[in-house]
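I opened my notebook to get to know a new structure. I write down each thing as I look it up.

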Amino acid sequence: MTQQNLPADHPILEIKNLVTVFETRHGIFNAVDDVSLNLVPGETLCLVGESGSGKSVLSRSILQLVDRPGRIASGEILLHEAHPSSKTEQTRSLDLAKLEARSGVIRNIRGRDIGMIFQEPMSSLSPVHTIGSQITESLVLHEGLNKKAARDRVIEMLRRVEIPNPEKAIDQYPFEFSGGMRQRAMIAMALICNPKILIADEPTTALDVTIQAEILDLLNDLKKQNDMAILFITHDMGVVAEIADHVAVMRHGKVIENGNVQDVFDRPKHDYTKALLKSARDSQIPSPDRLAQRQVQPIGAPILEASNLRKEFYGKTGLLGMTQTTLVAVNDASFTLHEGETLGVVGESGSGKTTLARCIQRVHSIEAGQLHYTNRGGDRAEISQLNDAQLQPTWRDMRTVFQDPFASLNPRMSVSQIIGESLLLNGMTSPVDRRKRILELLDLVGLPSSALERYPHAFSGGQRQRISIARAIAPNPRIIIADEATSALDVSIRTQIMDLLQELQKELRLSYVFISHDLGLVRYFCDRVLVMFKGDIVESGDSETVCTQPTHDYTRALLSAVPITHPDQRGSRQRFRYENG
Amino acid sequence: MSNLVDQTDPRIPTDIAEASQWRLMWLKFKKHKLALISLYLVGFLYVLAAFAEFFQPFDPEVTSRRDVFHPPQMVQFLDRTEDGTRFRPHVLGTTLSRDPETLATSYERNPDEKIYISFLGKSEPYLLAGFIPMQRRLIAPTDPDERFYLLGGDRLGRDMLSRSIAGTRISMSIGLVGVAMSLFLGTLIGGMAGYLGGWFDSVSTRAIELILSMPTIPIWLGLSATIPANIDPLMRYFAITVILSLIGWTELARVVRGRFLALRTEDFVTAARLDGARPRRIVFRHIMPSLMSHIIASVSLAIPAMILAETSLSFLGLGLLPPSISWGVLLKEAQNIRSIAQAPWLFVPGFFVLIAVLALNFLGDGLRDAADPYAQDQ
């Protein structure tokens with residue numbers, strides 16, 4: 001290792017006044033706008049920002065990986081290399097910003113000096129090559145090792161990233177690996193040539209929380225072992241609290257705050273950073289607003305009761321689809337939702353929580369079990385076997401806010417058409433009345449009346465979710481099913497949407513079924529919680545009780561993986577892993 | 001603080017906020033220069049087809065025994081006489097001479113005889129588009145008894161320019177009519193297959209595969225052979241379009257089915273269902289608009305295929321027959337070796353086919369790229 005010759009705290013990579021622009025049909029767009037940052041060996045710099053803030057473009061600029069029409073317009077990216085033989089503090093510097101994207105110099109630097117991990121482990125590994133051959137590639141390219149030696153190095157590396165049974169894993173294909181294992185393989189690939197700098201672009205965002213925690217631990221260990229400089233890109237303040245030494249907050253292409261992790265967490269300067277920190281802290285406590293509200297407006301009578309719900313999906317496998325396979329997505333689910341209550345459903349991907357939501361709304365059919373809905377007039381009706389036409393009155397009372405704000409709004413309809421659809425279909429045929437009601441709804445969700453004739457593409461993710469909420473509350477419903485309604489949003493906006501939902505609950509006396517993978521969020525927002533694991537409800541109860549005294553091991557594992565909210569809490573939490581497959 | 005966090009990115013322009021999908025598509029389409037040029041070209045061809053009579057210098061059916069295989073004549077714009085030079089378009093006359101030994105005919109240019117061309121000149125009365133009586137054409141000889149051949153004459157001395165323009169009408173419209181029919185069949189069957197799924201989907205998909213696996217030319221040949229030869233030309237025209245669209249709908253049905261399958265599971269479709277929309281409203285109000293752009297793109301790519309199919313059939317003598325005039329019918333005249341040797345200008349309709357097909361293909365490509373204005377692009 002050569003960087004030990006560098007003086008302590010001397011940056012290995014200096015970004016000075018970097019500007020990366022995209023030429024669009026609307027003119028020049030400064031994706032990265034005058035950014036200066038330093039990477040120091042053995043330290044992690046966390047780059048925080050919401051989507052579109054330019055953090056990914058910045059990281060790609062370092063390696064000259066920005067796709068056309070993007071290009072580096074000005075600024076310097078200095079890579080300092082210590083000369084191995086020199087005893088003095090002389091260093092050699094190379095300006096990466098000046099290099100050609102296809103030049104041999106930058107190709108040598110990629111992988112050898114600077115390693116990179118991408119967000120999506122599914123698409124960043126080639127599906128047709130074995131894990132081993134993909135990792136070996138950079139060894140052969142950069143160090144010219146022979147096959148035998150390279151193979152040994154790869155097995156050693158796989159062991160270091162804690163892939164079980166590396167001798168076997170090296171010959172496996174990516175599809176045989178789980179998401180977490182793939183991300184480990186990605187890390188192994190990035191680190192195989194002992195780079196001095198690692199760029200990790202949201203490496204844990206696509207992973208479940210329990211796996212995210214493990215990957216973060218691994219990166220931290222590797223940083224110490226190799227004395228690496230890590231540039232870690234994330235939108236999650238919890239992750240920052242966990243691993244950062246330095247923090248840089250990016251917004252609209254500019255770095256608005258840059259400093260030591262303790263300073264940033266204790267004395268944030270910029271309002272935006274404060275908002276980010278507040279939303280991170282929310283996951284530790286129940287919402288005070290909610291508790292206050294329950295005092296004034298106690299939870300009412302049961303309005304939706306599910307008993308022993310079961311949902312199966314059928315698939316065909318084998319030759320000519322002769323063999324039928326059955327997947328039990330929801331098994332024997334029973335719960336009650338009361339008026340004015342928020343019920344959380346928590347679980348990792350594939351746990352059946354979305355399917356459960358679709359079942360209680362009867363978008364899916366139900367194989368077995370009963371579902372009783374009590375309407376405003378107090379009539380209790382069985383709805384588990386009704387058809388679409390019979391479900392109309394229930395659907396008016398039970399509405400959904402979808403997860404993906406981009407897929408759930410028809411891009412070809414204007415906002416007034418989207419919100420007005422349910423009004424129109426529920427008998428409000430007068431355009432004047434409809435317009436009045438839509439304006440009222442827009443005001444309720446905090447959107448200006450100018451939004452009326454705009455199309456969804458004009459809105460940001462958070463604003464789209466507000467439109468989605470306006471659509472949901474349009475026919476004056478009683479139950480809102482929010483299916484990961486905030487998980488596609490940036491943290492700062494997430495808090496606002498949650499506050500909006502809470503506000504609406506107070507005003508309209510709504511009951512929520514809140515589906516999330518984030519236990520912290522559920523603790524903040526929900527009165528009661530159901531924990532789901534592989535189709536089963538493994539634990540249910542008051543959300544504070546479940547979060548402080550979990551009875552099931554899986555809940556404990558989920559809790560232990562919730563990111564901490566302040567760097568002081570590092571190491572205070574023990575990791576649990578729920579192994580029961 | 002709430003305003004701070006929720007404010008939109010100041011770097012994004014707001015002028016497209018209220019743009020509908022068509023405007024966005026147009027903005028994107030405009031960037032594709034070749035497609036834009038093709039759009040104008042295709043528009044011009046359809047104008048030509050609609051008002052063919054006005055653009056023809058002569059009636060395409062009028063024969064002239066003196067002008068058999070008359071070669072193309074160049075337009076001279078400047079008229080030099082004793083009085084001086086002035087702007088007056090004309091062509092030089094020709095005299096027919098026959099070699100006494102070989103009996104081969106040849107046309108000699110005769111610089112003393114000038115046939116003047118007038119812009120919006122008077123001609124014999126005709127009906128524009130079949131019902132508007134008119135007496136002027138875009139260009140016509142100043143003396144109505146004279147003839148000129150800008151693109152040459154055929155074996156009966158008919159003007160190739162007029163005939164090619166006349167052929168535009170049938171050739172360009174057979175694409176439209178044929179595609180309209182395949183569009184109807186394609187969206188109906190493809191849409192039902194995609195939305196309903198189940199047995200209907202399986203049966204129709206298998207049927208489409210069956211039709212697509214059959215070689216098209218023999219089927220066309222077989223089907224057109226069953227049309228009685230003595231049938232009215234208009235009926236024959238419709239029979240041919242039906243035959244072409246019987247195969248043409250399959251591609252479209254596949255596209256529509258695929259889009260339906262993809263859109264059916266979109267959240268906004270589920271949202272519409274939960275809003276209380278009936279299946280018909282879901283299909284026509286919520287799914288169809290997303291599909292429209294794709295349909296337009298595949299239609300514009302299907303038209304040239306239809307044009308080529310008609311041309312091939314007529315060329316082989318199994319499509320339209322004279323007296324109908326289409327590019328394929330005209331090209332049939334160019335089948336023998338004599339025309340290649342003696343009158344290469346008989347291939348002019350082929351040039352029209354080339355231009356039309358290329359322009360429509362570029363246009364279709366441009367439309368397809370612009371079809372989804374919501375796809376990410378910088």
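**Helix α21 of chain A**

I began with what the buried residues of α21(A) pack against: α8 (209-226), β13 (342-346), α19 (519-525), β19 (528-533), β20 (536-542) and α20 (543-548) of chain A. I looked up which residues those are. In α21, residues 553-561 of chain A, they are Y554(A), T555(A), A557(A), L558(A), L559(A) and A561(A). I noted the terms. Buried is 20 or more other C-beta atoms within 10 Å of a residue's own, exposed is 12 or fewer, partly exposed is in between, and C-beta atoms are placed from the backbone. Contact is two such C-beta atoms within 7 Å. Helices (H or I, at least four residues) and strands (E, at least two) are DSSP runs numbered from the N terminus.

**What I am looking at**

This is a predicted model, where local features need pLDDT of at least 70, side-chain atom pairs count only at pLDDT 80 or more, and totals for chains, interfaces and linings use all residues. Residues are numbered from 1 along each chain as its sequence is written, while chains are lettered from A and ligands numbered from 1 in the order in which they are written.

**Chain A overall**

I found 21 helices and 20 strands in chain A. Its radius of gyration is 26 Å, close to the 25 Å of the globule rule for 581 residues, so chain A is as compact as a globular protein of that length. The radius is taken over C-alpha atoms, and the rule is 2.2 Å times the number of residues to the power 0.38. The C-alpha atoms of chain A fill a box of roughly 85 × 55 × 50 Å along the principal axes. Buried residues make up 48% of the 581. I also looked up the domains of chain A: domain 1 is 121-194 and domain 2 is 288-549. Such bounds come from an automatic or database domain assignment. The C-alpha centres of these two domains are 42 Å apart.

**L78(A)**

Is L78(A) buried, exposed or partly exposed? I count it as partly exposed, because it has 17 C-beta neighbours inside 10 Å. L78(A) sits in strand β4 (residues 70-82) of chain A. Beyond four places in sequence, L78(A) is in contact with L13(A), E14(A), K16(A), S93(A) and D95(A).

**Chain B**

I counted 13 helices and six strands in chain B. Its radius of gyration is 27 Å, well over the 21 Å that the globule rule gives for 378 residues, so chain B is more spread out than a compact globule. The C-alpha box of chain B is roughly 95 × 60 × 35 Å along the principal axes. Of the 378 residues in chain B, 38% are buried. Its domain 1 is 37-51 + 163-370, and its domain 2 is 73-148. Their C-alpha centres lie 39 Å apart.

**The nonpolar core**

I looked up the largest nonpolar core, which has 243 residues. Such a core is a set of buried Ala, Val, Leu, Ile, Met, Phe, Trp, Tyr and Cys residues joined through C-beta atoms within 7 Å. L47(A), A188(A) and V513(A) have the most contacts inside it. Helix α10 (residues 279-315) of chain B gives the most to this core, with 14 residues.
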